[in-house]
Amino acid sequence: MKLLDIGLKDLVRSIRSAFFWMFGFGIPLLMVLIFYFAFGGLSSSDEGVSLPTTPVAVVNLDRPVPEFDDVSAGRMLADLLSMDGFDQLLDVTSYDRAKDARQAVDRQEAAVAVIIPPDFTATVFGSSGQTALELYQDPTLTIGPGVVEGIINQFLNAFVGSKIAVDVATEALSARGLAIEPGQLEAIADQYAEWASSTGGDLQPSQTPHLEVRLPAEQAAEGDPLADILGAIMAGMMVFYAFFTGAASSMTILQEAEGGTLSRMFTTPTRRSTILGGKFVTVFLTVIFQVVVLIAVSALIFGIQWGDPVPLAVAATSLVLLAASFGIFITSLLQGTQQTGIVYGGVMTVMGMIGMSQVFMMGAGTPPPAMEILPLVVPQGWAVRALDLVMGGGGLGNLLLPVAVMGGLSVILFFVGVFQFRKRFV
Amino acid sequence: METHAIQVQDLHKDYGEVYAVKGVDFNVYAGETFSLLGPNGAGKTTVISMIACLLEPTKGEAWVMGHSVRKEPMGVKRAMGVVPQEIALYEDLSAQENLNFWGKMYGLRGQVLKERVEGVLELVALTDRRDGRVGKFSGGMKRRLNIGIALLHQPDVIIMDEPTVGIDPQSRRNILDRVKLLNRQGATVFYTTHYMEEAQELSDHIAIMDHGEIIAYGTHEELVQIVGQLDRITLTINADSAQVVDQWRAVDGVSQVVAEDGTLELLVDDSNLVLPRLFEVATGAGLRITSVEIQEPNLETVFLHLTGRALRD
């Protein structure tokens, strides 16, 4: 009970601290707000939002099928992407081989490659079978590939709708013993296309079991591309400042030691291990409070999609444990609060910057392999990676490695920190 | 029959080669006010820290209400309330929030806690400021609250480590009156100070401490008897005192001369007889005495007599 009393007392003190609100919430949200404006967040509901032209590599491997009058769905899709209406959005280049298109993306000559499979027409017009249209995209980009994916989904929906309309009409006429002529089917399909065109954005992404737009798991996020960018920044900021909060909360142990309140607690009939335990509870409670508020507020203000609740809870809990344990550990190495300036302001800032370097490189093309590994040399990098995976649609399986690393680090850092503090105070 | 609230036997504390406390023995009777008097650095806070279970003695033992500081620290802590020398409060919490928190640390809960908090707020005259942030309080108010916290669990023994340091005379008077009140209400008070007049006013027994040792123990009257009828003369002169110190030491009736910070402290048999001789010597040396103060024997005189130094240092 006293353990919680100490923790709650410190949480109340933190909540009353302007410093806590400034660095725990104000600055991370402010940073995201700046990016929000930079990416045109304010004008997202206005007309005339200008998006950069996205270079697209298209490979049409589709083979026309004689039974469908040699009509090629792949050709229709390729033409759609190249049509005049999209020329402000997409800059389409055709390739003969899928390999070449992927290499164009790897060389950052294209933001996304659209690889239309050989059995595309057979699957679109046929009544059975399954195929996959591949989108191979630059993982650091979200807006351009998102636009391409949206266009393709619209196209597939129209096809699926037309096909259903024709099938329903054919069955209805057959049931009445009437034959259907080729011209009638075309008319039905055209009428459906006209209706689908009039409904515009109300069409939902492809639901057909025959066709799917296949994306890697970490690229499968749904929703607003702007929110995706802001989400990555928010995750980085949250990790960066959660580590500071863990350290600053742990610093209250040193502050209380210097201010005399820790000694005073030791004169009360409360075990020293309970008192220190209460201080550790404080650290965890404060970081939990910060992380929960940041996730909720950023979702509300910026519409950030944090991913599925369960993986998010696992990643956020791992972040809390790691940030708190790291704070306890690093503070246990300090002799007094006069040393916190250089350690928190210097060492932790550098570590935080390294940890979120992948966020800084977003939009700068495919980073070299070394830059993908660099963030993982610091604990913050693993936390950013875990949140990034969850936001990208990753499930618990995708989180195994980062969560295991974060959990292991938390245990080690926590026990080393506790050992140091016990040696000093107990 | 008198019982001991605190017993201290051969208490030592050293840090390697550095001795902070060297074999201290004394008893504090239940219901009395006991003062540990000594200059800064004498070792008073170290003794208190060992009694309060904050520091483990290098050697020796102490008991509070029969509980050993080594073997039963929880019993010791339940029996006493400690008022630390520094103000140990949470400035970003209100007076009531501070009391609530510290009350819980003493194991108080629910209605009992509520009543004790009310009682202490009244005792330290902060009822109307209960919701005020402690950071906005005056030094005197903080000192009162600092004391109040130690009273929440109604301890048998209250340990006060220089509770009047750095406050204005009015607040100091207020605190001394409250210490007397607590003692009248039955609490045993263990009080440390380097102010002779506080020890003299409050205490039933006084121990004088210097360089980690108890150099005198007794009632005020018993201690003053140590110096007999010696008067204490404090002088200032208009030049370097070194010129006359040795000559004054040679004057009949002068038992001690200490020069510190531009003033001279002398212990003399009879100031009426000695003073004219001191003026003669000073005049002969071409010096002028600019102020003279004569005091009857008191604890300052005792300390000067025993250590050759003034207590204020």
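**View 1. The largest nonpolar core of this predicted model has 159 residues.** A nonpolar core is a set of buried Ala, Val, Leu, Ile, Met, Phe, Trp, Tyr and Cys residues joined through C-beta atoms within 7 Å, and a residue is buried if 20 or more other C-beta atoms lie within 10 Å of its own, exposed if 12 or fewer, and partly exposed in between, with C-beta atoms placed from the backbone. The residues with the most contacts inside this core are Val239(A), Val64(B), Ile158(B) and Ile159(B), and its largest share, 20 residues, comes from helix H8 (residues 225-259) of chain A. Helices (H or I, at least four residues) and strands (E, at least two) are DSSP runs, numbered from the N terminus. Residues are numbered from 1 along each chain as its sequence is written, while chains are lettered from A and ligands numbered from 1 in the order in which they are written. Because the model is predicted, local features need pLDDT of at least 70 and side-chain atom pairs count only at pLDDT 80 or more, whereas totals for chains, interfaces and linings use all residues.

**View 2. Four strands of chain B form an open antiparallel sheet.** Their order is E12-E13-E11-E14, where two strands pair if DSSP finds at least two bridges between them. The edge strands, each pairing on one side only, are E12 (254-260) and E14 (289-295) of chain B. Strand E12(B) pairs with E13 (residues 263-268) of chain B over six bridges, and Val258(B) has Glu265(B) as its bridge partner in E13(B).

**View 3. Val274(B) is found in helix H10 (residues 271-284) of chain B.** Val274(B) counts as buried because it has 21 C-beta neighbours inside 10 Å. Leaving aside neighbours within four places in sequence, Val274(B) is in contact (C-beta atoms, placed from the backbone, within 7 Å) with Val251(B), Gly253(B), Val254(B) and Val268(B). The C-alpha atoms of Val274(B) and Val254(B), which are 20 residues apart along the chain, are separated by 7.3 Å.

**View 4. Helix H1 (residues 2-15) and helix H10 (residues 272-302) of chain A cross at roughly 45°.** Their axes come within 7 Å; axes are lines fitted to C-alpha atoms, for helices over the stretch in contact, and angles run from 0 to 180 degrees between N-to-C directions. H1(A) and H10(A) are therefore oblique to each other, since angles under 35 degrees count as roughly parallel, over 145 as roughly antiparallel, 65 to 115 as roughly perpendicular and the rest as oblique. Residues making the contact include Leu4(A) and Leu11(A) of H1(A), and Leu285(A) and Phe289(A) of H10(A).

Technical notes. Contact = placed C-beta atoms within 7 Å.
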